[in-house]
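Here is a short report on the fold and packing of one protein model.

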Amino acid sequence: TAILTGPEDKVNLTCSHTVSSYNMILWYQQSAQNTALKLIGYVRFTSPTVEDSFKGRFDVSGDAAANKMAYLHFPKVTEAEDSAVYFCAASEAQCFTIPSLLYKNPL
């Protein structure tokens, strides 16, 4: 879907899927200036995360666990780089381990 928008406009993109075991939805940006896919952020179960380089420019929300939907919200289109192709992807939620919790102090 192509969206034509002007400066200062608000834009919302929606992504959904039907794979029951996939509880994580990720958003990527591919700009004309840099064709590499950049991770904007993701929703893991119901917890949203936005990468530092995109904070303040984008918001991510949704429920990747129950309704398998995620949203990418542009509070305000302000930068030429915002003109880009946006992708969403779904995956199984990854488990995160904090190494410090695995370390036991010697007695």
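Gln29 sits in strand β2, residues 24–31. Strands here are DSSP runs of E with at least two residues, helices are runs of H or I with at least four, and both are numbered from the N terminus. The model is predicted, so local features need pLDDT of at least 70 and side-chain atom pairs pLDDT 80 or more, while totals for chains, interfaces and linings use all residues. Residues are numbered from 1 along each chain as its sequence is written, and side-chain values use heavy atoms, with hydrogens and water left out.

**Around Gln29**

Gln29 counts as buried because its relative accessibility is 0%. Buried means under 20% relative accessible area, exposed means over 50%, and partly exposed lies in between (1.4 Å probe, protein chains only). The Gln29 side chain makes a polar contact with the side chain of Tyr86 at 3.0 Å. Such a contact is a pair of N or O atoms within 3.5 Å; within protein, one must be able to donate a hydrogen and the other to accept it, and residues adjacent in sequence count only if both atoms are side-chain atoms. Leaving out residues up to four places away in sequence, Gln29 touches, among others, Ile40, Phe54, Arg57, Phe58, Glu81, Asp82 and Tyr86. Contact means heavy atoms within 4.5 Å.

**Aromatic groups**

The structure holds four aromatic pairs. Rings of Phe, Tyr and Trp (its six-membered ring) pair if their centres lie within 6.5 Å; planes under 30 degrees apart count as stacked, over 60 as edge-to-face and the rest as tilted.

| Pair | Centre to centre | Angle between planes | Type |
|---|---|---|---|
| Phe54 and Phe58 | 5.5 Å | 65° | edge-to-face |
| Phe58 and Tyr86 | 6.0 Å | 55° | tilted |

The pair of Phe58 and Tyr86 links distant parts of the chain, 28 residues apart. Phe58 lies in the loop between β4 (47–50) and β5 (59–63), and Tyr86 lies in strand β7 (residues 84–91). Both Phe58 and Tyr86 are buried. Phe54 counts as buried because its relative accessibility is 3%; for Phe58 the value is 1%. Phe54, Phe58, Phe74 and Tyr86 form one aromatic cluster. Beyond its neighbours within four places in sequence, Phe58 is in contact with residues including Gln29, Ile40, Val50, Leu72 and Phe74.

The protein has one helix and seven strands. From the N terminus, the elements run β-β-β-β-β-β-β-α.

Four strands form an open antiparallel sheet in the order β4-β3-β2-β7. Two strands pair if DSSP finds at least two bridges between them. The edge strands are β4 and β7, each pairing on one side only. Neighbouring strands of this sheet are turned by 15° against each other on average, direction ignored. Axes are lines fitted to C-alpha atoms, for helices over the stretch in contact, and angles run from 0 to 180 degrees between N-to-C directions. Eight bridges join β2 to β7, which run antiparallel. Leu26 stands opposite Ala89 in β7.

Another three strands form an open antiparallel sheet in the order β1-β6-β5. Its edge strands are β1 (11–16) and β5. β1 and β6 pair over six bridges, with Phe74 in β6 as the bridge partner of Val11. Five bridges join β5 to β6 (residues 69–74). In β6, Ala70 is the bridge partner of Gly62, and Leu72 is that of Val60. β5 and β6 form a hairpin with five residues between them, and Lys68 in the turn has a positive phi of about 55°.

**Core and burial**

The largest nonpolar core has 17 residues. Such a core is a set of buried Ala, Val, Leu, Ile, Met, Phe, Trp, Tyr and Cys residues joined through side-chain atoms within 4.5 Å. The residues with the most contacts inside this core are Leu13, Trp27, Ile40, Phe58, Leu72, Phe74 and Tyr86. Elements giving two or more residues to this core are β1, β2, β3 (38–44) and β6.

Buried residues make up 27% of the 107 residues in the protein. Among contacts with a separation of 6 or more, 54% are between residues 24 or more positions apart.
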